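This report covers a predicted model. It looks at one helix and its surroundings, then at a helix pair.

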Amino acid sequence: MPESPTTDQLEILQDVACTLCGCVCDDLRIGVQENQIQTTENACALAEPWLLRQNQRQQQHPEINGDPASLSESYQTAAELIRNSRTPLVYGLCSSSVLGQQVACELADRIGAVIDTTASTSHTASVMALQRIGESTASLGEIRYRSDLIIFWGSNPAESHPRHLERFCGTALGDGRQIKRDLIVIDTVLTETAKQADLFIQINPGQDFEVLWALRGLLNGIELTQSEIGGVPLQTLEQLADRMKASQYAALFYGSGLAQGTLPHSQVEAILSLATDLHQHTRCVVRGMRGFGDVGGAANVLSWQTGYPFSVNFHRGYPRYNPGEYSAAEMLSRQEPDLAILVGTDGLDQLPQEAINWLQTIPTVLLSHEDCELPFQPTVLFPVATCGVHLSGTTYRMDDTPIPLRPILQTNLPDDATVLREVLNLIKQIVMSE
Ligand code: SF4
């Protein structure tokens, strides 16, 4: 059984880490009594309802085709289904701990599956741009203590990562010292973050690339002749380039406004290149504003296990990488997998309808970290414990810093690593007995 505090007195747990978004704030104070979260401090407007929802978890037993089943029956059924599959797919992993991601990777390797993470539907552009041209990065701690200019491009952390501004971009350093820095927001609409900025630059929708390229030109000393680019007056861009050059340490954060849409790869490559160009004048780092779940952890684990961050095919007995061809959404839409092992439900809402339609027709083994409505009936459903709520473990912050997690509630549910390991061991036994 996972370790966990138990008490019938209100116990205040200090320095709890929240895994809901890529900030992984690790300064929460959670009051727990009789295995229920009663109070939360430092939890943002997104985190508090998510934490309180953990009190209401109903699903406690595995199911086979919607009927309650024992764990051993469910392990056996899942193992037999997987053993009989010729083109299995393992997908999800962003609700898992590092250990669960590791075992999922081992299982995929053993059964010759394609393994993919939710990164392939939301972060492909960021990862592939990084692979093509690299990036200048720093930890969020370094940015907090050193940057005197922060630019958010296509990102609205006030709503998507509510404590990001306070924790990493504020002027108070937490030790009595203050730092003076400017906050600039570049976006197509006036966002909540833009309202808090020292300067908001509004650009035309779909013209981020043009504006980024113009800024690169200005930083490289190229004279531009247009009076405006992407809806931004040239004079404003010149002033922005001068402000960037005059900074001691600039930090660029980009969000889904750049990493998704019509030209995501080019746009992300352009902002990574902009940071590199700025190094002719000053120190500059760039980071993607990773969204929900441990997408970064899944990418890290797959990278050190297979050499690739997502969309990896083990069918030939060695890892092959090809986003698109081996991405879950595309494979399911092409009706290629004959079985899906879904580790977590988070990625399901990012799949296209054709992929969901195919999931309704093939056997599915689902490990669910949360009670939720499903768009299909899983063949085998394992409710599993959640890392950081019921289990200790490790997750990755958006800057790839590993953060230790601790349990705050007790549960009888197994963790995803245990379920996957049990199924893997049964598959080995079935193979040996054949
Ligand atoms: S900002 Fe993100 S990590 Fe921090 S408390 Fe809110 S949801 Fe959790």
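Helix H5 itself spans residues 124-133. Its buried residues are Thr-124, Ala-125, Ser-126, Val-127 and Ala-129.

Next comes an annotated segment. UniProt, in an unreviewed entry, lists residues 135-292 as "domain: Molybdopterin oxidoreductase". In the model, residues 135-292 are 41% helix and 20% strand. The end C-alpha atoms of this stretch lie 22 Å apart.

Now the helix pair. Two packed helices are described by the angle between their axes and the distance between the axes. Helix H3 (residues 98-111) packs with helix H17 (residues 416-433) at an angle of about 20 degrees. Their axes are 8 Å apart. The angle is under 35 degrees, so H3 is roughly parallel to H17. The crossing of H3 and H17 is left-handed.

Which residues make the contact? From H3 come Leu-99, Gly-100, Val-103, Ala-104, Glu-106, Leu-107, Arg-110 and Ile-111. H17 supplies Asp-416, Ala-417, Leu-420, Arg-421, Leu-424, Ile-427 and Lys-428. By class, the contact of H3 with H17 has nine nonpolar residues, one polar and five charged.

Key:
Residues are numbered from 1 along each chain as its sequence is written. This is a predicted model: local features need pLDDT of at least 70, side-chain atom pairs count only at pLDDT 80 or more; totals for chains, interfaces and linings use all residues. Side-chain values use heavy atoms; hydrogens and water are left out. Axes are lines fitted to C-alpha atoms, for helices over the stretch in contact, and angles run from 0 to 180 degrees between N-to-C directions. Helices (H or I, at least four residues) and strands (E, at least two) are DSSP runs, numbered from the N terminus. Angles under 35 degrees count as roughly parallel, over 145 as roughly antiparallel, 65 to 115 as roughly perpendicular and the rest as oblique. A crossing is left-handed if the near helix is turned anticlockwise from the far one by less than a right angle, and right-handed if clockwise. Contact means heavy atoms within 4.5 Å. Ala, Val, Leu, Ile, Met, Phe, Trp, Tyr, Cys and Pro count as nonpolar, Asp, Glu, Lys and Arg as charged, and the others, Gly among them, as polar. UniProt positions are given in the numbering used here, feature names are shortened, and annotations may be inferred rather than shown by experiment. Buried means under 20% relative accessible area, exposed over 50%, partly exposed in between (1.4 Å probe, protein chains only).
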